[in-house]
Amino acid sequence: MTNSGKSKKKDQDINVGKKYAMHSKVLKEERPYWVYLPNSYDEGNKKQRYPVLYLLEGDAHFRSASGVVQFMSSGINGNCQIPEMIVVAIPNTNRTRDLTPTHTKIAYSGNEEAFLESSGGGDAFLKFIRDELFPQIDSKFHTLPARILVGHSFGGLLAIHTLLHEPELFQAYVAIDPSLWWDNQFLTHHAENKLRTIRKLRKTVYISSANTPKIPNNNPTKMRKAIWKFVKTLDAARSVNFRVGFQYFDSENHASVPLLSLYHGLLYVFDGFKQVGVESLPAMKTRFNRLSKRLGGDMLPTEGYVNSMGYTMLYAAKDVKKAIAFFEYNISNFPKSANAYDSLGEAYMIKGDKAQAIKNYKKSLKLDPSNQNAARLIQELKEKKETADA
């Protein structure tokens, strides 16, 4: 194939993310990881930092999870329910070994199974994530310390194990139909003592349960009963800082429940982020300060949302002073945004402060030389200023 042919094919590709790999000294093997970056990641030179969603069993869920995150955060049709995030998916190399916290050969059926011989490597896998993967991700990408762990089935089991035994690793946990039946409900039996300490920490936990239909030689209630027993223990530990969310999806089974669970789980984790309509700037700052404190990273309102509040003040409320305050707040959050400076210039122009309008339009034009609107208004404002000064 010619070079032009290769280029043409590349132009036709739609990429969800990128595959990487690293050698793990802890696990003594090559470990792949896949990364989805948000739409705004390479937008100009903003260098915005993002929360990171770590996704267990990434080979199964990377595309769907990245799609959910992109839909909920990118502002399509004004839809901004959660912040834009980096998604780091960890594909399996030995699922049974890595995602189980204890060793047992007793399967869900109650019988011994040979494939469980390697079980019980969960702590080593967490050591890999903590000591090797975290530093790798934080050095390569613009990350915030706000981390969310998402796991389904065995992945949900490991997420709960992490919450109980190394809660500091993540600020939020989404456990989707977790396999808490594992090892005679080992985690449930040890949860109460652990939660006495953990409930004092700022953590958010979301757990879902599915309605798995009964099939021959299978007891679907075994999964649900284990989850509901654990959730009851969690509820008793609930506090102002320790948030617990639970949903039962009657119309979903174990295989179908991840998509809806992730959507609702992220809504719960980022409760307080979603746009609430017209609000004052102090109320907005208070709301996001609380969210930032809870998640351990600077959660910022989207540039578009703050900008829309500024224009609501400017044109609907006819309050130029409040509009300028919103636009200046946007610039403090996104100092490399040409659009933010353009909006502030417009507010000063309406106020009648030509000097400040010109100053901000010039900053916008410097950041975005293609901004012909700013170039035109700078010239018009200069002419009006010269006429007024004459």
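Helix H11 passes helix H12 in a left-handed crossing (the near helix is turned anticlockwise from the far one by less than a right angle). This is a predicted model, in which local features need pLDDT of at least 70 and side-chain atom pairs count only at pLDDT 80 or more, while totals for chains, interfaces and linings use all residues. Residues are numbered from 1 along each chain as its sequence is written, and side-chain values use heavy atoms, without hydrogens and water.

The axes of H11 (residues 320-333) and H12 (residues 338-351) come within 9 Å and cross at roughly 160°. The two helices are therefore roughly antiparallel (angles over 145 degrees). Contact (heavy atoms within 4.5 Å) involves, among others, Ile324 and Phe327 of H11 and Leu344 and Tyr348 of H12. By class, this contact has 10 nonpolar, 2 polar and 2 charged residues.

Strand S5 (residues 143-152) is mostly covered, with 9 of its 10 residues buried (under 20% relative accessible area, 1.4 Å probe, protein chains only).

Valine 205 sits in strand S7 (residues 203-210). Valine 205 counts as buried because its relative accessibility is 0%. Leaving aside neighbours within four places in sequence, its contacts include Leu163, Tyr173, Leu234 and Phe242.

Note on methods: Axes are lines fitted to C-alpha atoms, for helices over the stretch in contact, and angles run from 0 to 180 degrees between N-to-C directions. Helices (H or I, at least four residues) and strands (E, at least two) are DSSP runs, numbered from the N terminus. Angles under 35 degrees count as roughly parallel, over 145 as roughly antiparallel, 65 to 115 as roughly perpendicular and the rest as oblique. Ala, Val, Leu, Ile, Met, Phe, Trp, Tyr, Cys and Pro count as nonpolar, Asp, Glu, Lys and Arg as charged, and the others, Gly among them, as polar. Buried means under 20% relative accessible area, exposed over 50%, partly exposed in between (1.4 Å probe, protein chains only).
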